[in-house]
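I opened this entry to look up sheets, a helix pair and a pocket. My notes follow the order in which I checked them.

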Amino acid sequence: MNELSMVISEECVEQILGEELDRFASTPLYSVGAKSFDSESFSGMVLFEDEEIRLSLVSIGPMALRLKKMRNAEHDTVAGITIQGSDTLLRFIRAGGSVADFWSAQPFSPNEPLAERRMLEQPSRHVADGDIVFLRGGVDAMSIASCERPIIFVSVSRLQSRTAVNAHYLTSGGLASCTASDMGASRVQMLATLVRELGWKDGADTLIELAGHSDHFVRWHVLRELTALCPTTAYSHVCKAAADDPHPQVRDAALKTQVIIEGVEACR
């Protein structure tokens, strides 16, 4: 990952951005020929991606960072930190006089309960041009606390996850929520939710097949959506999950759901 990050030098960045700006100046409707991304505080483009790794160029501006903090303060937004399930290496081409905050947590083992996990704040530090930060999947997280000038860095991410979930923590350290770290598993979750929102009961058979997915987080999500779509159909699969699913939280959620379904049926 380190060797791959070194492929993109400062001169290379200037050339890439210079060529794109020249094209945009001559054709205002021109769109950059790469996958791009934007958020409240940063933007960038994917320079290379295959089945194993993604190489991106990312920029963060001091004004955008300040505006984000102001909006969060105005709306009393609760700040949070996400620890990704996969490894990421960052190489700072221009650090912009920035200060970075760091956090760490113990990784999730495949069949370990999620709710009791906590994140610990680590010492903040100044980041210099050329610095490399390696964030272990499921363990480390970093955010930019402040910067004096624009920041440009290369991000190299493994697409194979160390842990099954991306864990979203409150800055106080408590676990807020989780999402599937594997892209395929995440898409399965989204489609399961879509089947339920559309009320497409013919899709129940597909959800039943997915209830045996290897990812515990997908099994939990699919059973939830199947129960909301058609509780009668879901009941036997919920009972099975409550009895023998290998993950303790799936068993616990399924048992609680089983009790709810039985209670509703008893009232009819």
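Over how many bridges do strand β11 and β12 pair? I found that β11 (residues 165-170) and β12 pair in the antiparallel sense over 5 bridges. I noted that this is a predicted model, where local features need pLDDT of at least 70, side-chain atom pairs count only at pLDDT 80 or more, and totals for chains, interfaces and linings use all residues. Residues are numbered from 1 along each chain as its sequence is written, and side-chain values use heavy atoms, with hydrogens and water left out.

Terms for strands and helices: helices (H or I, at least four residues) and strands (E, at least two) are DSSP runs, numbered from the N terminus. Two strands pair if DSSP finds at least two bridges between them.

Sheet with β11. I read the order β4-β11-β12 for an open sheet of 3 strands with antiparallel pairing. Its edge strands, each pairing on one side only, are β4 (80-83) and β12 (175-180). From one strand to the next the twist averages 20 degrees. Tyr169 stands opposite Leu175 in β12.

Sheet with β5. Strand β5 (residues 88-94) pairs with β8 over 4 bridges, and Leu90 stands opposite Val133 in β8. Contact means heavy atoms within 4.5 Å. Axes are lines fitted to C-alpha atoms, for helices over the stretch in contact, and angles run from 0 to 180 degrees between N-to-C directions.

Helix pair. The axes of α4 (residues 183-197) and α6 (residues 216-229) come within 9 Å and cross at roughly 5 degrees. That makes α4 roughly parallel to α6 (angles under 35 degrees count as such). The contact includes Ala185 and Val188 of α4 and Phe217 and Val218 of α6. By class I have 9 nonpolar, 3 polar and 2 charged residues there. Ala, Val, Leu, Ile, Met, Phe, Trp, Tyr, Cys and Pro count as nonpolar, Asp, Glu, Lys and Arg as charged, and the others, Gly among them, as polar.

Pocket. Which strands each supply at least two residues of the lining of the second largest pocket? They are β1 (36-38), β2 (42-49) and β3 (53-60). Among the lining residues I listed Leu17, Phe37, Met45 and Ile152. The lining divides into 7 nonpolar, 4 polar and 1 charged. A pocket is, on a 1 Å grid over the protein atoms alone, an open set of points where a 1.4 Å probe fits, with protein on both sides within 12 Å along at least five of seven lines; lining residues have an atom within 4 Å of a point.

Key: Angles under 35 degrees count as roughly parallel, over 145 as roughly antiparallel, 65 to 115 as roughly perpendicular and the rest as oblique.
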